[in-house]
2 protein chains.
Amino acid sequence: MMKVLAAQINPIVGNIDGNTAKILHMMDRARLQKADIVVFPELAMSGYPPEDLLFFSDFLDEIEKNLKKIIEKSQGLFVVVGLPRRTGKKEGKALFNSAAVISDGKLLGYKDKTLLPDYDVFNELRYFEPSDDQKIWVYKNKKIGILICEDAWEQSSEITGVNYAVDPAIELKKLSPDLCIIPAASPYYYKKNELRKSVYQKIAKFLNCPVILCSQIGANDQLVFDGYSMLFDANGALKQVAKGFVEDEFFIDLDNDVTIPAKDEPLDDLYNALVLGVKDYFFKLGFSKACLGLSGGIDSALTACIAADALGPQNVKALRMPSRFSSIEGIEDAQQLTDNLRIELLDIPIDSMFQHFLDLLSPYFYGRPFDTTEENLQARIRGMILMAISNKLGYVVLSTGNKSEMAMGYVTLYGDMCGGLGVLADVSKNMIYKLAGWINRKKEIIPQNIIKKAPSAELKYNQKDQDFLPPYEIVDLVLEQYVENHKPIEQIIRENKLPKDLVRDLVERIHLAEYKRRQGPPGIRVTRKGFGVGRIFPIVQGWV
Amino acid sequence: MMKVLAAQINPIVGNIDGNTAKILHMMDRARLQKADIVVFPELAMSGYPPEDLLFFSDFLDEIEKNLKKIIEKSQGLFVVVGLPRRTGKKEGKALFNSAAVISDGKLLGYKDKTLLPDYDVFNELRYFEPSDDQKIWVYKNKKIGILICEDAWEQSSEITGVNYAVDPAIELKKLSPDLCIIPAASPYYYKKNELRKSVYQKIAKFLNCPVILCSQIGANDQLVFDGYSMLFDANGALKQVAKGFVEDEFFIDLDNDVTIPAKDEPLDDLYNALVLGVKDYFFKLGFSKACLGLSGGIDSALTACIAADALGPQNVKALRMPSRFSSIEGIEDAQQLTDNLRIELLDIPIDSMFQHFLDLLSPYFYGRPFDTTEENLQARIRGMILMAISNKLGYVVLSTGNKSEMAMGYVTLYGDMCGGLGVLADVSKNMIYKLAGWINRKKEIIPQNIIKKAPSAELKYNQKDQDFLPPYEIVDLVLEQYVENHKPIEQIIRENKLPKDLVRDLVERIHLAEYKRRQGPPGIRVTRKGFGVGRIFPIVQGWV
């Protein structure tokens, strides 16, 4: 009989004491439930990703000190806990991305990660030295092997497109493990879990032994970790899945052949990722209240729903800030939405302020036509009001811009881009409609008017987004192919039979808006390629 | 007789056609001057750093196409030109950071970089695969070896603190080169050139042959490349140095033993770096005009000097935007400064606008005292006015905040942090005073009043920075030790005999302001560790 607790915890990056307390608590829970083995996620002690905190020697000392506490309290358990540790060598990077292997009050040793991802949002080679030492630990007559996250992915390089020169799974297989434990910290993106299942299924089949994946959950800055720890049997069949987007005590009885199937619900996951992204940003920073501008459009409506779910309706303040260009329907729709969500709605009309700015600036603008300057003034007055409410009353501003707008630069820097967090910054316009439909699946929360009306910034008379942009279907298509897949422009034109100038123009806009996005709030990353972390492009460039 | 042109060019990142045109022009110049060899900087064809542009296959195709042009036009020359190139292998990263070696219309081969920096501002392992193949090319009876930038630094690992497991210089030495060519792209920081000289001196001595360093110049986003290409003889003596901060046709006659000594002028270099940072940001983006807010303080005064030098006084517009808290002297000092610099000065008082915001918000703020909310309102009104001038009249806003303020969060997000470029974002307050003194070394340009007065944001009555902060000497000391050197807090306290709470408080402020800095404009990086590129810390963290 062998019982395992995959402790799917939500660490706070850098909070070593707090994370250790969680780890010790889970070890107590394991003992109470008579588990033999407790597994924690990758870098559980520091939280993932610890980034440049790893350069402080006292940070590493603190981890070593807390590891001793964990070792001391490991009676009766076999514990695998992720942590950064010093290599002790003069050459190469100073650290290993490691897992301490502990049993019954003793440190048995470490398994150091072999494959260090250095693509997309990962930059592990900045901190860590690879190790190609594969090991087996024997506990209660079971030979236990460990792979850390990426170590298990080389078997699926045809899926990921990343090829390493070595494959730790091949070496591990030679040691004939009876069980393979995989501590991981794998950030969510839309539909990633399908991919992930196929990767771990393959590794279980390849190693011909059960595989236990223990994943981090929780949002850290722009990344959301979705959890979904898993058990696969030696045939690669998925037997059990932990919950997604919450901490979970995931107990596994290796000798009891039950199958608890799990269905992928991509829209549920996406919505949960956004909610967790907001929730953890606030909770981990010690904030509880949010405010946002409600324009009557779909983006701010969706943001309000997410905020209300993440923080509770009583902690969300919506501001309606109409100008001379705001439609009456939009104003009414905002009222209906806040009624449905039971969040507070303030009215602060901005038109007199807008006029004051026009008057102040008229000597310098004399004879020049209305242009984006005046549009931006309105967006910036709204931003200022939100920030004043934030400063005075302690609300964090949520920015409501979507990925398609951010791509096109169809946002106002220091205006609607104000905020501590860009909730929808990685959600394209078309996904926003899908999420709105999903939210309304049982009853109408977002008024149909908001969903049906043509998108408009309402910064001048009769303005529509499509006066300036092609239909969002096309924007989003180019966005996906150019930004997410790095397809060359010519290939996009050819494969989609789109006009050359149209595609070129959209790609140019994407690069031109780089300077705006660089100053945008951090966005919650929910696609394979967001505009924040994981995408590095120059503002000043001569390619596009 | 052997004559070499080290073509110290300023490429635009991604502008492959334009960069190739520069390369071809320099090859013509070399032929005209009867040079035998022409060397270009690291990644000269793409510009450094090309970042994720390297993920586009058409980008690489374009480089291959242009390389053919260079090969075709290489008659009578031996050419070494830096470029990214495909490895052609399935495993590992897709590219080498390479130098094409060309002679007389033929591609002789490539030297691929061995040591790929992945620390500070560098992330070459994201893109490139290391190569440990060291080679010799023979041209006119000289055995020529090539090391690319970092390849020459392992000999000086005690200086840099970075240790690689291999050292390409040792392998190259075995091949007994008569000359070593080093294409480089090495970003400037304060006093880096002293370090650089000692590194290349050492490599020349070690290889026992002359060394020619050909460096990129020019500013690319946050990085400034200073040039200063060099010739060392086989004894490690520095014989010739190219100009700093400008493109230079640096001709070297290897058989003519002249020594043209160069003195380091660190403040000249720092000022030139800032000027080039502004100049290239504007020039490479196609802008020519800048505006900025003049507060009467030293930061905005220094920014105005830099802008006037970079863009010409006729292209700089200063805005004086006094509120009820602005001092009369500050207003007069701003006038004197703009007279000295011959830049335009506009007066746009903001007090009525400030009052309008106070009135608008008073129902929500009733009974609450004046706090940073009202201070931020003033800074944000100024930001809005600058952005309106920018939008309507085509001026790029320069942000004037210094590194010490940015560290402490003593800046207003969307207020004085508005701008396309943070000119002084990496210059500490104490360095700002040094630069102001340096600017006034011949005659008074920045009025003494501005230099002498106690720093103040003038956002409330009788406000001084030191009401809120310890003296800037202490702020800057902690900044240097904590941010630049990653010293643990306890060590800073111990070594400097500073009060524990004071240091802890300053370090906490540094981390608390991370969310503001993340939304700040890109800053020109001039120290070993700036707050922009090269420093990666979480906003949400529980360590400090």
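I started with strand pairing in chain B: β1 (residues 3–8) and β14(B) run antiparallel, joined over 6 bridges. Pairing here needs at least two DSSP bridges between the strands; strands are DSSP E runs of at least two residues, helices H or I runs of at least four, numbered from the N terminus. I found B:Lys3 opposite B:Asp253 of β14(B).

A note on the source: this is a predicted model, where local features need pLDDT of at least 70, side-chain atom pairs count only at pLDDT 80 or more, and totals for chains, interfaces and linings use all residues. Residues are numbered from 1 along each chain as its sequence is written, with chains lettered from A and ligands numbered from 1 in the order in which they are written.

Next I looked up α6 (residues 266–285) and α7 (residues 298–311) of chain B: their axes come within 8 Å and cross at roughly 55°. Axes are lines fitted to C-alpha atoms over the stretch in contact, with angles from 0 to 180 degrees between N-to-C directions. That makes α6(B) oblique to α7(B) (under 35 degrees is roughly parallel, over 145 roughly antiparallel, 65 to 115 roughly perpendicular, the rest oblique). Among the α6(B) residues in this contact I noted B:Leu274 and B:Phe282, and α7(B) brings B:Ile306 and B:Leu311, among others. Contact means C-beta atoms, placed from the backbone, within 7 Å.

Last, the chains: 70 residues of A are in contact with 70 of B. On the chain A side, α10(A) gives the largest share, 12 residues.

Conventions:
Contact = placed C-beta atoms within 7 Å.
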